[in-house]
Amino acid sequence: ANHDTGLVIGYVQSGKTLSFTSLSALANDNHFQIIIIIAGTSIPLSEQSYERMKKDLRYETRFDRKWTIIKNPGTEDRDTIQMKLEQWADNDFPKEDCSTLLLTVMKNGNRLRNLTDLLRTINLANVPTLIIDDEGDQASLNTRASANAGSGVGVNEGDVSTIYRRINDLRNVFPHHTFLQYTATPQGNLFVNIMDRLSP
């Protein structure tokens with residue numbers, strides 16, 4: 001298994017969304033099969049990220065790049081995801097006709113759990129995946145780590161906060177993936193315990 005964790009730092013309003021959109025396009029060019037964008041802790045913010053990605057990737061106007069974009073995937077999307085991954089695995093299916101799955105999911109415990117439950121039913125053994133956590137300092141880190149440390153509990157033991165647990169559950173589904181945290185305020189990400197799964 002290969003799990004890489006990275007941190008991308010940019011000033012507020014410096015083009016972080018454009019950066020991870022460009023990164024997604026590069027991943028598409030390099031035959032990544034799944035890209036997951038975890039964005040928005042509210043419905044309006046999540047919707048805004050989804051619409052921005054569609055627009056910037058020219059999803060509805062540029063057809064030389066193949067995308068299948070699904071917002072907040074659930075069990076009803078399983079067949080689509082399975083079919084797209086089977087095309088990648090089929091050596092007789094032309095690679096230029098394969099499409100990268102771009103899954104946008106709200107940073108919400110239930111939404112993340114739904115996506116993880118769905119992906120657990122699919123074989124992801126040879127599926128290169130990029131997971132992008134927008135505003136990776138917000139809600140993603142274990143907000144109970146300090147209380148655990150105060151009670152003498154080691155890293156990743158004792159209580160963990162919901163979003164932190166859900167993100168780690170999602171990551172555990174993928175044998176091979178890169179997890180990138182985007183933020184303008186990286187202090188929390190940089191100072192987490194070096195043994196923490198979200199330590200970049």
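This is a predicted model: local features need pLDDT of at least 70, side-chain atom pairs count only at pLDDT 80 or more; totals for chains, interfaces and linings use all residues.
Me: How many helices and strands does the protein chain have?
Reply: The protein chain has 7 helices and 6 strands, taken as DSSP runs (H or I, at least four residues, for helices; E, at least two, for strands) and numbered from the N terminus. Their order along the sequence is β-α-β-α-β-α-β-α-β-α-α-β-α.

Me: What share of the contacts joins residues at least 24 apart?
Reply: In the protein chain, 80% of the contacts between residues at least 6 apart in sequence do so; a contact means heavy atoms within 4.5 Å.

Me: And what percentage of the residues is buried?
Reply: Of 200 residues, 44% count as buried, where buried means under 20% relative accessible area, exposed over 50%, and partly exposed in between (1.4 Å probe, protein chains only). The accessible surface is about 10200 Å², and carbon and sulfur atoms hold 49% of that surface.

Me: Which residues touch the most other members of the largest nonpolar core?
Reply: They are Ile34, Ile36, Ile38, Leu124 and Phe174, in a core of 23 residues. Such a core is a set of buried Ala, Val, Leu, Ile, Met, Phe, Trp, Tyr and Cys residues joined through side-chain atoms within 4.5 Å. At least two core residues come from each of strand S2 (34–38), helix H3 (78–89), strand S4 (100–105), helix H4 (109–119) and helix H6 (162–173).

Me: What does Ile34 contact, leaving aside its neighbours within four places?
Reply: Its partners include Leu85, Leu101, Leu103, Leu124, Val127 and Phe174. A second, separate core has 16 residues, among them Ala25, Ile35, Ala39 and Ile69.

Me: Changing topic, what is the volume of the largest pocket?
Reply: The volume is about 530 Å³. The pocket is lined by 21 residues, of which Gln13, Thr17, Gln48, Asp134 and Glu135 are the closest to its centre. Helix H1 (16–29) and helix H2 (43–56) are the elements that give two or more residues to this lining. By class, the lining has 5 nonpolar, 10 polar and 6 charged residues.

Me: Which residues line the largest cavity?
Reply: The lining consists of Ile37, Ala39, Ser46, Ser49, Tyr50, Thr104, Val105 and Met106. H2 gives the most, with 3 residues, and no charged residues are present.

Me: How are pockets and cavities defined here?
Reply: On a 1 Å grid over the protein atoms alone, a cavity is a set of points where a 1.4 Å probe fits but cannot get out; a pocket is an open set with protein on both sides within 12 Å along at least five of seven lines, and lining residues have an atom within 4 Å of a point.

Me: Where does His31 lie, and what is its phi?
Reply: His31 lies in the loop between H1 and S2 and has a positive phi of about 65°, although it is not a glycine. The residue is partly exposed, at 40% relative accessible area.

Me: Is Asn72 buried or exposed?
Reply: Asn72 counts as buried, at 16% relative accessibility. Its phi is also positive, about 45°, and its place is the loop between strand S3 (67–71) and H3.

Terms used. Residues are numbered from 1 along each chain as its sequence is written. Side-chain values use heavy atoms; hydrogens and water are left out. Accessible areas come from the Shrake-Rupley method with a 1.4 Å probe; for residues, only the protein chains shown count as cover. Grid points are joined across faces, edges and corners, and a volume is the space filled by probe spheres set on the points. Ala, Val, Leu, Ile, Met, Phe, Trp, Tyr, Cys and Pro count as nonpolar, Asp, Glu, Lys and Arg as charged, and the others, Gly among them, as polar.
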